[in-house]
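Here is a walk through a structure, from a chain contact to a sheet. Keep the sequence and the 3D view side by side as you read.

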Amino acid sequence: MSTPVLAQPASDAPVVARPTVGQRLTSFMPVIALVVLLAALTVVDPGFFTLSSLTAAVRTAAPLVVLAAGATVVVLCGGIDLSIAALCSLATVFFALWLPDLGGLTTLAIVAVAGAIGALQGVAHVLLRIPSFIVTLGGMSIFSAIALVISDAGPIPVSDRGTTHWLTLYVAGVLPMAFVVALVVVAVVSLVLRLTPVGSWVRAIGYSESAARLAGSPVDLVKVGAFTLSGACAGLAAVMLVSRNFSGSPTMADNLLLPAVAAIVVGGTAITGGHGSLWRSLAGALVVTLLRVGLPIVGVPSAYEQILYGAIIVAAVALTLDRSKVLIIK
Amino acid sequence: MTSPAEADTEVVQARRPQPRRGVSLRDAGPPIALVVVFGVFAALSPGFRTLSNVQNVLDAAAVLAVVTIGISFVLMMGSIDLSAPGIMGASAITVALLVANNRNDNDLGFVGIAVAVLLAAGLGCLSGLALVLLKVPSFMATLGVSAVGLGLATLLFAGVQPNIADPMLEGWAVERFLGLAHLTWIALGCVLLGWLVQRYSRLGRYAFAIGGAEEVLALSGVRVAPYKVAVFTLAGAFYGLAGVMVTSQLSAGLVQAGRGYDFSAITAAVVGGTLLTGGRGGILHSTVGVLLVTVLTNGLVQVGVSPYWQGGVQGLIVVAAVAAAVIPQRRRNQVTK
Amino acid sequence: MKFTSRPTAAVLGVALAAAALTGCTETAAGGGAAGGDVASGACDPADVTLVGQVRNESNPYEASWLDGGDAFAEQVGLTQERLTYDGDSTRQQEQISQLLAGDTECLVMNILPNGDSDTPPIVEGAEAAGAYLVTQWNKPADLNVADYDSWLSHITYDGVESGRQIGDALAEAIGGSGGIVALQGILDTGAAKDRFAGLEESLAGNPDVELLDDQTANFSRAEALEVTKTLLTKHGDDIKGIWAANDDMALGALEALQQAGRDDVAVVGIDAVPDALTAIEEGTMTATVSSDGPWQGGIGLAIGYCVATGELAVEDIAADDRAWFAEQFLIQQDNVADFVSPETSEADFACDNLFSRSQGAIS
Amino acid sequence: MTTNLQTGPVPGGRTAPPALEVRGLVKHYPGVKALDGVDLVVHQNEVLGLAGENGAGKSTLLKALVGLVRPDAGEIWVRGERVRLRSVVDAANHGLGMVFQEQSLVPNLTAAENIVLGSEGPGVRRGIYHWRTMRRLAQEQLDKIGSHIDPLARTDSLSFADRQMVEIAKVLRIEERTSHPPVIILDEPTSVLESKEIETLFTQVRRLREFASVVFVSHRLDEVLDVCDRVAVLRGGRSVGEVPAAGAAPAELHRMMIGSTGSDDHYHDGLAERSEEPGRPRLVVRGLSGRTFRDVDLEVRAGEIVGIVGVHGSGREDLCRALFGAEATTAGEVQLDGERLDLSGTRAACAAGIGYVPAERKTEGMVGPMSVADNMTLTKQQARCSGPLVRPRKQATLVDTWIERLSIRTPHRGTAIQRLSGGNQQKVVLARWLVSGDVRLLLLDHPTRGLDIGARSEVYRLMRELAGSGVATVLLADSLEEAIGMSDRIVVMSDGRATTEIAAPSGGKPTPLDLVKEMV
């Protein structure tokens with residue numbers, strides 16, 4: 001009913017076609033935050049800023065980047081996907097179970113099945129009109145239960161490492177293949193959003209779902225698509241984790257949920273939808289990874305590490321959030 | 001609208017929606033679900049329908065209820081709060097170190113409890129300040145504060161478990177009044193307090209209004225920021241009390257005292273009918289939600305569902321409960337986030 | 001929005017060009033990934049880096065483990081880097097791969113893998129980087145320590161044995177017959193499964209003891225409290241004893257019993273944490289099995305240190321000492337006094353005395 | 001508190017300082033002067049009308065008067081005292097209050113709470129609510145304006161008009177804040193009210209004048225002249241003059257607003273140019289039923305504009321949405337050009353060539369933060385794509401063409417639509433359905449709501465042009481006059497049913513009274 005009066009801050013204000021310096025700076029904030037953090041870690045421990053150390057960090061970040069990238073699209077649509085981590089764990093179990101039968105096709109099968117499961121959640125969300133928070137919260141516990149049951153609650157070793165070996169290679173000797181794959185995922189999805197109408201649909205849905213629907217945008221389809229992508233990304237991240245851990249386990253990725261959401265928000269994507277991008281999430285995922293592995297490695301004691309993690313992540317979001325795009329912060 | 005004279009004007013006014021003040025279907029859904037779920041488990045399991053099990057369910061609901069009351073105020077504003085694990089951990093360790101314990105010579109009793117709750121309120125206040133001053137979305141602000149709280153707790157923990165020896169605090173979990181543990185009465189007191197705050201205090205009403213239309217409050221000359229900070233502070237205090245209650249139950253201060261309470265409290269509040277977008281629901285709704293979740297957990301163990309499946313069944317039922325509440329009100333152009 | 005366009009093209013271009021130009025390699029260039037044959041080291045004792053990694057410092061047992069590591073480090077004039085991963089497998093892997101990306105030449109790691117499945121990547125990583133590794137508790141059965149050069153030893157306690165021992169103690173405490181319930185640990189760990197298998201063995205030997213119910217409480221005191229409360233209502237007076245897969249859960253169960261006003265139920269656990277020992281002293285708890293945290297924290301580093309400094313060669317470690325069960329004791333009221341303050345002695349960590357607590361190879 | 005000071009508007013004949021005086025108010029936004037030296041005087045116990053086209057600076061001026069906008073230069077004097085207004089509270093303490101055009105009520109609070117919000121006084125003591133006092137305070141305000149709603153009803157359960165009454169009651173609380181007579185600003189208070197409610201409102205405005213000053217803003221010039229003592233006109237951020245209301249003609253005001261002679265009779269512009277006879281039946285609705293309408297039959301021919309009129313609750317809005325697939329139907333059939341229409345969703349409707357302009361432009365019509373180009377091309381993808389890809393150049397050409405054709409005033413196609421004025425926003429929303437050239441039926445739900453006369457005329461011209469090219473139009477008009485002026489035929493809906501149909505050809509238009517008789 002009552003529409004926000006303040007939400008139109010400049011209805012009779014004029015318009016500047018070019019972004020100002022400040023706006024440009026805001027859009028690069030995630031990268032600036034990343035650089036500052038890296039510099040700070042280097043100051044504390046000069047040994048941290050070495051090629052091999054950075055290589056290890058981006059390799060570590062790869063699954064988180066992929067998870068965050070998929071979920072970013074859901075967030076851009078104004079929803080949230082809390083099931084990515086549990087789905088990823090379930091996918092590692094599937095991978096370990098199916099590898100003996102499917103061989104080289106397993107990776108594709110996993111991504112497809114995880115995508116289908118994501119789509120199922122999307123359908124439940126749009127058809128039953130249940131908030132995505134609830135659907136995926138339910139999904140989270142259901143996937144965990146399935147993973148526990150089919151794995152008999154234990155890890156399943158993967159003996160055939162050939163299938164995932166390619167993910168452990170290094171491009172040009174320095175860039176881990178897993179990270180390259182993550183970059184490709186981010187790039188491809190970004191390009192699709194940019195070059196096809198999907199991008200404007202996603203943003204329209206995020207900013208104002210009812211306006212998008214009344215403009216005849218395929219709202220339900222796009223939302224289901226976003227959840228499908230989110231699921232497929234969880235599947236891909238699962239393959240990466242298996243390539244790293246040589247096993248599938250029903251709890252393997254569970255603790256990546258909050259870091260993935262943190263990565264999205266630290267990147268400056270509005271959690272209310274509409275404003276943001278996958279590149280921002282990439283930068284955000286690197287920031288979060290540096291915090292997760294960097295702080296203990298440079299010798300911060302575990303208690304202070306948590307305090308620092310909390311403080312830095314809040315500071316990072318304060319830096320990267322483009323307040324001109326988000327009027328009311330909940 | 002009883003006199004004939006008024007009935008005439010009614011015609012001219014052509015089907016105006018009647019003002020509603022009573023209980024709507026949406027509000028009635030969760031209590032009905034509670035009764036149904038209770039009935040189903042009672043039919044399935046003889047152990048479930050015993051008086052002692054009902055006491056047990058109520059006792060088990062105590063801590064979750066206090067956390068959920070705290071989170072309900074935040075959800076009413078349309079914000080979200082994930083700081084419960086950290087704040088509860090910090091308050092649990094703090095109280096364990098301040099009352100009679102095996103680590104030091106403190107024996108502050110009630111003062112210790114008050115200090116722990118105050119510390120928790122301070123941490124909650126921090127979330128609120130990050131939200132209104134730094135404009136960090138509550139999702140992240142509270143996540144950060146949770147990490148800070150856990151860090152503080154680990155720092156205070158220092159490798160040795162503090163076990164409490166304070167008879168009063170230990171007694172809370174053990175001693176009973178009218179068949180219910182003192183903790184349960186404390187939780188009931190919190191429900192009452194929460195309801196009074198929601199209904200009769202400016203803080204509670206404004207929290208509700210912020211969830212309804214924040215910008216309107218600003219236009220009406222209400223400064224919203226202090227109320228937001230106050231709501232997070234209040235929520236923090238409730239988490240702090242919950243941390244103290246866990247310490248009483250376990251007779252020891254645990255860093256992990258609040259683990260998992262963030263999502264279970266949100267689940268309980270949502271199942272009870274509070275909307276994550278704010279402006280709807282409330283303390284009584286959340287209390288019903290807490291009972292629903294606790295009855296489910298208890299009932300599933302009672303009927304012997306495999307531990308592997310319990311989480312899944314719970315998830316399914318939560319989705320089903322919300323779907324059942326939402327589907328009848330589904331509209332074509334409805335926005336679901 | 002401007003953020004997307006040019007970086008997209010740039011990153012894509014660089015990535016593709018790099019891939020096309022140089023192809024792929026097995027390992028990252030640069031850094032300390034020396035790889036391979038570091039059978040025995042010749043590190044200056046002062047250059048050795050000691051790392052201890054456990055789940056978290058907020059668990060008394062694991063905190064005491066790190067303290068033991070510190071004690072050993074002090075003994076040899078070094079400091080231990082204390083790492084914790086908060087029970088998060090992914091984070092453990094991330095920390096270790098970051099650690100191995102640094103200088104690994106004289107790196108000694110004493111690791112508590114989060115679960116069985118976390119051990120192989122840690123081992124592979126250490127092997128590739130040439131860091132000295134000792135693991136404890138969790139290892140997949142088919143992973144053979146002797147196949148690796150850098151993985152010096154794996155130490156654990158015989159979970160089946162401890163599960164059986166406390167099972168028997170419980171059976172005895174309830175007079176050989178009656179109902180018991182079991183609180184399981186994190187289902188995805190070897191320790192939880194082995195211990196439960198031990199309980200099943202014990203039950204087979206005590207046919208009159210009936211397992212009424214088993215539920216998981218994830219090794220957590222708080223969860224054990226809730227689960228026990230529910231089980232107490234469900235089974236009521238049928239419950240004569242509670243078998244818990246660790247002491248934390250046993251202590252949670254004790255609280256639940258106290259709140260329910262039941263003092264006729266015997267409770268057993270594993271790990272010998274201080275609170276459990278106190279409870280046994282007081283007679284509220286029946287039995288536990290010792291696992292010596294400080295010793296574990298020291299011994300892993302000691303083995304690595306001895307090899308790194310050349311005092312011990314990997315090939316000289318007996319095959320039985322590459323993967324072995326450490327000595328453990330059933331603790332009951334009669335012998336609890338001996339365990340109340342576990343202390344490590346320097347002698348335990350001497351290079352010629354490292355394997356003195358071995359109870360034999362893991363079969 | 002109110003001794004009857006009925007002195008009448010006799011400027012110059014008084015010695016007391018004016019209730020409110022604005023001198024040389026200037027407000028810059030980057031690149032534009034929204035206010036360029038506005039002068040304005042509001043005398044005590046006077047109702048001042050404020051007229052001006054959209055973009056004339058009215059809303060900036062009003063916002064400056066209640067402390068929402070800080071002027072760059074100029075002075076505001078209240079009762080002979082210069083004031084600086086930093087916030088709404090500040091303004092309220094000086095006795096300035098405003099009823100916002102878009103309602104500013106908290107939907108989930110009670111009416112009583114909304115009325116006293118921000119100035120609870122004795123209703124809240126030490127942060128604790130006293131519901132009885134609260135209710136009494138609210139009741140006092142409601143009594144002032146003669147509203148009979150229950151103060152403890154939840155606001156979102158009230159009708160739109162009742163909510164407007166709550167809003168006015170809320171502004172009147174200013175009296176309790178200040179010892180002086182208040183100045184009350186009513187921004188477009190009538191745009192959503194029915195005629196009966198408007199009458200009540202006007203009675204209240206006249207009553208207000210007895211103890212307060214009122215600034216009344218409306219696009220309906222006849223209303224302004226009806227209720228005001230004096231009318232001030234703004235144009236391009238400046239005051240261009242004022243006239244006493246008595247004896248002034250709408251045309252005169254209109255001329256001052258747009259700077260040239262115009263006619264209030266704008267509905268009939270271009271009517272003569274329409275020569276083409278309505279064609280074959282395009283939309284045929286048979287027995288359509290839904291949540292709020294039952295068994296509706298309707299027929300619209302190609303090139304015909306059919307107005308649907310009815311009071312609140314007549315179901316016409318939902319019927320309109322149902323035809324677009326945005327509201328569920330329970331029975332009935334709809335045919336478009338002889339083919340059965342798929343009512344399952346908005347996508348199907350778009351594909352069939354139906355366009356819909358929603359009443360709530362800002363929340364449903366447009367996506368505020370997105371660009372004009374994106375808003376215009378959100379629906380018809382083939383118009384900007386080749387294959388699956390968007391062709392930026394194709395989109396740019398297309399959008400620029402339509403910006404020019406509809407003379408949409410925007411700095412650039414990439415400008416966020418929320419920065420445009422209401423009329424231009426509405427033109428972009430309309431253009432959305434036109435870009436592909438395949439629209440067959442347009443459903444217009446209050447297409448001119450909140451637009452000024454100039455913008456309205458343009459929308460009317462556009463509607464006629466489209467009808468001329470054979471598009472069938474269903475119009476839910478803003479006022480009866482608009483419905484009569486624009487429609488070829490008018491369908492009256494009452495209580496969810498289409499009860500009457502009245503022909504309205506040019507030259508044979510019915511009067512508003514004819515319609516009202518059928519509506520109730």
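Remember that the model is predicted.

Now turn to chain D and its sheet. Six strands of chain D form an open sheet with mixed pairing. Their order is β6-β9-β10-β3-β11-β12. At the edges stand β6 (96-99) and β12 (238-244) of chain D, each pairing on one side only. From one strand to the next, the twist averages 20°.

Look at one end of that order. Strand β11 (residues 230-235) of chain D pairs with β12(D) in the antiparallel sense, over six bridges. There, D:Arg230 stands opposite D:Pro244 in β12(D).

A helix covers part of this picture. Helix α1 (residues 58-65) of chain D lies across β3 (47-51), β6, β9 (183-187), β10 (213-217) and β11 of chain D. The helix runs at about 150° to β9(D).

Chain C gives an overall view. Its secondary structure comes to ten helices and 14 strands. Chain C has 363 residues, and 61% of them count as buried. Among contacts in chain C with a separation of 6 or more, 78% join residues 24 or more positions apart.

Note on methods: Residues numbered from 1 in each chain as written. Chains lettered and ligands numbered in written order. Predicted model: local features only at pLDDT ≥ 70, side-chain atom pairs only at ≥ 80, totals over all residues. Helix = DSSP H or I, 4+ residues; strand = E, 2+ residues; numbered from the N terminus. Buried ≥ 20, exposed ≤ 12 C-beta atoms within 10 Å, placed from the backbone. Contact = placed C-beta atoms within 7 Å. Pairing = 2+ DSSP bridges. Axes fitted to C-alpha atoms, helices over the stretch in contact; angles between N-to-C directions.
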